[in-house]
Amino acid sequence: MGRPDLNRRQLLAAAGGLAVAGSFGFAALGTGADALASSAHTRVRYWNLFSGGDGANMIAMLDAFRKAGPGIDVKDSTLQWGNPFYTKLAMAAAGNRAPDLGVMHMGRVTGFSPGRLLDPWDVELLAEYGVREQDFKPELWRRGVIDGKLYALPLDIHVQLCFYRKDVLKKADLLGDDGRMIPVTSTDEWFDVLRKAKAVQKKGFQTIGLWTNDQNFQWWFFVTFYTQLGGKWFDDTDTEVLFDTDKATQVLEFLRRHVTDGYVIPGAPTGEQFVNGAPFTWEGNWSVPVFSGAKLDYGATPLPPVFGRQATHAESHAFVLPHQSDRGGAANEGAHELAAYVVKHALQWAAGGHIPAYTPTLATDAYKKLTPQNQYVSAMDHQATEPKVWFAGSTGVLAQDLGPVVVSSTTGSAEPDKVARTMKSHLTKLLASKNPMDGRTAAQGGAVA
C-alpha cells in the first residue's frame, strides 16, 4: 500500500510505549515441538488476550472445536492483556513471525496499519464456513472494514452496564412490575433514584460504584454520556476537531456530582461493595459471572439515558489475521474455519456476559433464557464507540491521554469546564499527530468504511 517500512522502535512506541517492551506476559504458550507432534493435518497458531472467566470460556470453545474433528491442531497462546499484547502482535507481524489467527479490540484495528500488519479476511471463504455479513449488525460489521476490505471479524459486543441489587431497590420502591429497575430518562430522575436507594441501603456502603480513580472506566463513562448528548469528535475528513466543550462540561459535572452529593466513596472497591450490599455499580458486562457466582439477586441494564438519548459505551473483540508474507494455504483456511466456528458457537461466550456479535445466536431459546444477559442485549443497538481513528480503541492513546483528565474532574482536583478545554486541546494535538506504525495522520489514513 506504499506505506513506510516499520522499525522496532516505531512498533514499540505505537503499541503502547517503550516501557512495555519487556513486559510480554504469556499465560499459556505452546512450543513448536508440541505443535509439530500433533497428528492433525493442519496447524493453526492462535494468539489471544483472554484470561480469567473469558479465558476459561475460550478454552471450552476451542476444545469443542477440536472435538468436532476438523483435522486442525489449534495451538492457542494467551498473552498479557493490553499494550503488551498489541506490542507483541505488532512486532510478530512486522518480523514475519505472526500467528495464523489473533484477537484485537475493534477500536484498535484502524491504528494497526491494516494492509501492513493485518491481512484482510477472505469473505467468500468465511461464507463457505457459514459466516456472512448479513449475520451481523451493519454498523458493527462496518467498524471492521478499512478501505473496502474486512480486517476484523466481530466476535462480541461488550458494554458498560448499570448493575443493581433487587433487594435494595425493592425497599426503595424502585422496581417495576416486571422486577426490573424503573426507567430513568433524565439526570434529575437518576439522582432521585440514588437518593431513594441511599435512604434504605446498608450503612457504611457507597450508593454506587463508579471506578472514580480508574482512567479507563472514567473514559468509557464519558464516551457514553457525551454520545447521549450527540457530541461529535471530528469532521468526516478527520481534519477538524468538533469536540463540544459545553457538552463535555455537562458530562463532567454529571459524573462529579456523584462524588460531591455523597453517593460515591472515592477509591472504594466497586464490585466488592456491590456484592456486600451497595445498591448500584457501573461495570463492564464481564462482571456478570462474578455477581452470578456470588448468588446475588441482581439485574443489569445499559447505562441510563440521562441525557435523553440511549447510548452506552461499547467495544468488541474481533478476530484478525496478523500479517504473514506467505499467507495462504491450509493454515490460512484453518484460521478462517476456526474463527467462523467460534463466532457461530458463541453461546458459551455469552455465559461470560458478552453479547454475541453473530445475530442468529441471539434468536435461540438458549440465549433468551440467559439472565441477566437477556436484560441488556438491546445495548448492541445503541453503542457509544470511540471515533474511528488510529489513536482510539481499548487502552489506546486516546484513553491514555483523556482518561486521566476525566478522573481529575470526577475526583475534584480540576474544574469540569477547564478539563473540557484540556480535552479539546489533547484532541487537536492527536488529530495532527502521526501514527507511529505507518507515519500518517488520521486524515491521511484512508480508514473509511
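This is a predicted model: local features need pLDDT of at least 70, side-chain atom pairs count only at pLDDT 80 or more; totals for chains, interfaces and linings use all residues.

Residues are numbered from 1 along each chain as its sequence is written, and side-chain values use heavy atoms, with hydrogens and water left out.

Let me begin with the helices, which are DSSP runs of H or I with at least four residues, numbered from the N terminus. Helix H9 covers residues 215-228 and helix H10 residues 245-260; their axes come within 9 Å and cross at roughly 125°. Axes here are lines fitted to C-alpha atoms over the stretch in contact, and angles run from 0 to 180 degrees between N-to-C directions. H9 and H10 are therefore oblique to each other, a word for angles that are not under 35 degrees (roughly parallel), over 145 (roughly antiparallel) or 65 to 115 (roughly perpendicular).

Contact means heavy atoms within 4.5 Å. On the H9 side, Phe 221, Phe 222 and Phe 225 are among the residues that meet H10, where the partners include Val 251, Leu 252 and Leu 255. The residues of this contact divide into nine nonpolar, one polar and one charged. In this count, Ala, Val, Leu, Ile, Met, Phe, Trp, Tyr, Cys and Pro are nonpolar, Asp, Glu, Lys and Arg are charged, and the others, Gly among them, are polar.

How do the axes of H9 and H18 cross? Helix H18, residues 397-410, has an axis that comes within 8 Å of that of H9, and the two cross at roughly 85°. That makes H9 roughly perpendicular to H18. The residues of this contact divide into eight nonpolar, six polar and no charged.

I turn now to the aspartates. Asp 244 lies in the loop between H9 and H10. With a relative accessible area of 26%, Asp 244 is partly exposed; buried means under 20%, exposed over 50%, and partly exposed in between, with a 1.4 Å probe and protein chains only. The side chain of Asp 244 reaches the backbone nitrogen of Asp 246 at 3.0 Å.

Asp 438 is found in the segment after helix H19, residues 416-432. Is Asp 438 buried or exposed? Its relative accessible area is 6%, so Asp 438 is buried. The side chain of Asp 438 reaches the backbone nitrogen of Arg 440 at 3.1 Å.

Technical notes: A polar contact is a pair of N or O atoms within 3.5 Å; within protein, one must be able to donate a hydrogen and the other to accept it, and residues adjacent in sequence count only if both atoms are side-chain atoms.
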